[in-house]
Amino acid sequence: MEVAPSDLALQSSQRFYERAQHTIPGGVNSPARAFDSVGGTPLFIEGGEGAYLKDADSNEYLDYVGSWGPMIFGHAHPDVIKAVQEQAEASTSFGAPTEIEIDVAELVCDLVPSVEKVRMVNSGTEATMSAARLARGYTDRDKIIKFEGNYHGHGDFFLIAAGSGAMTLGEPDSPGVTKGNAKDTLLARYNDLDHVQQLVEANQGEVACIILEPVAGNMGCIPPEPGFLEGLRELCDAHDIVLIFDEVMTGFRVAPGGVQERYGVTPDLTCLGKIIGGGLPVGAYGGRQEIMDYVSPTGPVYQAGTLSGNPLAMRAGHAILSKIAEEKDQIYRELEEYAEALQDGTEHNLDALGLNYTTHQVGAMGSLFFTSANVTDQDTAKSSETETYAAYFHAMLEEGIYLPPSQFEAMFFGTCHGEAELDETLKTQRRALERVHS
Ligand code: KE4
């Protein structure tokens, strides 16, 4: 029987996906990979180089996911490969301190304005969980304020849905999260300073921290409205609340020093991940020394980890961060140029087709929202036509462009995305948008 090219194109991924589901929940080790919101079979990837991926059937794709952020210099960067190979030959982990951990900590403190001391962990989730616990321990307060549509990893106190009323406490957003946990999390609308003010005043002296994605990426890319970050800073200063920037996604992506450098607002604590591990499992949290010295063993707030700061991951992270430190002016100039050209080209394609969708771009991340709304928060992001996004996603995938498999994720690119990739992306995008709207 003649197998249609598209069937051939996915044959191995389909076979792997069917097999994986017998031993791995949903056949994936993270639901973000499952293609649930766009439909179809997730690609099983065989390898990557620069801006490109190759799937299990050797189909090549231009990659705008970049492992959800780490690949700022593209896949299989020679500096990372060399560093990992060298370290592996001297063993991968000791459970004892190593010099490379100091080198990485010093690079983070040099690059990120708010960070005077930093603790390495193994994921962004660990970083945000630890930062929130630290803020609670430092202030001796229980409540945290987070924002609808912001994702800070799968820590219990972050998997919270908005309570029934605007002023009520959070409710669990996943089975397994207890009401006891949820009651201490308050949810605010993103970009709504008045709402945050109301929550703070209704919980005087009880709020330990406000945590946010200072440029949102987990409801699609949504920048802070003018004055929003500054207003949060003032509110935290006035009420002795710890301001936490979750820069797991934005750190080293929107500027060498992240959003806090780009927008000139300094948090008390910063959470990092993704890029700082160069694709290996690394997270970190850091900030003012006065607060960080509350972390064990210096202080009473406990946090630990067998593989935290392990030399293999640190060597990979050091390869990335030292390149950023040495070449940052050129790196972020290139990223900004690509971002502007991609935004301009996308708007040109939309205009040519009479589509008034909303596009956002901040540094090396962005989103095309399939809505004409002014997207500033979760509600306006949710006005997007997700079915149309799904059709667009597959139209792009069939022509070799791998976008995030959800309207509510940001697309990422790096220094390996150049003129040829921009040209390929915009031409394919025009055809995909025409096809989806024909
Ligand atoms: P990890 O635990 O996945 O390393 O980091 C959690 C996290 C924390 N904060 C922000 C702002 C994040 O974006 C993330 C994780 N991002 C998602 C993608 N939007 C990771 C993809 C996945 O879960 O597979």
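Guide: The second largest cavity has a volume of about 90 Å³. This is a predicted model, in which local features need pLDDT of at least 70, side-chain atom pairs count only at pLDDT 80 or more, and totals for chains, interfaces and linings use all residues. Residues are numbered from 1 along each chain as its sequence is written, and side-chain values use heavy atoms, with hydrogens and water left out.

Visitor: Why is this space called a cavity?

Guide: On a 1 Å grid over the protein atoms alone, a cavity is a set of points where a 1.4 Å probe fits but cannot get out. Its volume is the space filled by probe spheres set on the points, which are joined across faces, edges and corners.

Visitor: What makes a residue part of the lining?

Guide: A lining residue has an atom within 4 Å of a point. Among those lining the second largest cavity are Gly-366, Tyr-389, Pro-404 and Glu-409. The elements that give two or more residues to this lining are E14 and H12, and the largest share, three residues, comes from E14. Helices (H or I, at least four residues) and strands (E, at least two) are DSSP runs, numbered from the N terminus.

Visitor: How many charged residues does the lining of the second largest cavity have?

Guide: Asp, Glu, Lys and Arg count as charged; Ala, Val, Leu, Ile, Met, Phe, Trp, Tyr, Cys and Pro as nonpolar; the others, Gly among them, as polar. By class, this lining has six nonpolar, four polar and one charged residues.

Visitor: What is the volume of the largest cavity?

Guide: The largest cavity has about 110 Å³. Its lining has no charged residues.

Terms used. 1 Å grid on protein atoms, 1.4 Å probe; cavity = no way out; pocket = protein on both sides within 12 Å on 5 of 7 lines; lining within 4 Å.
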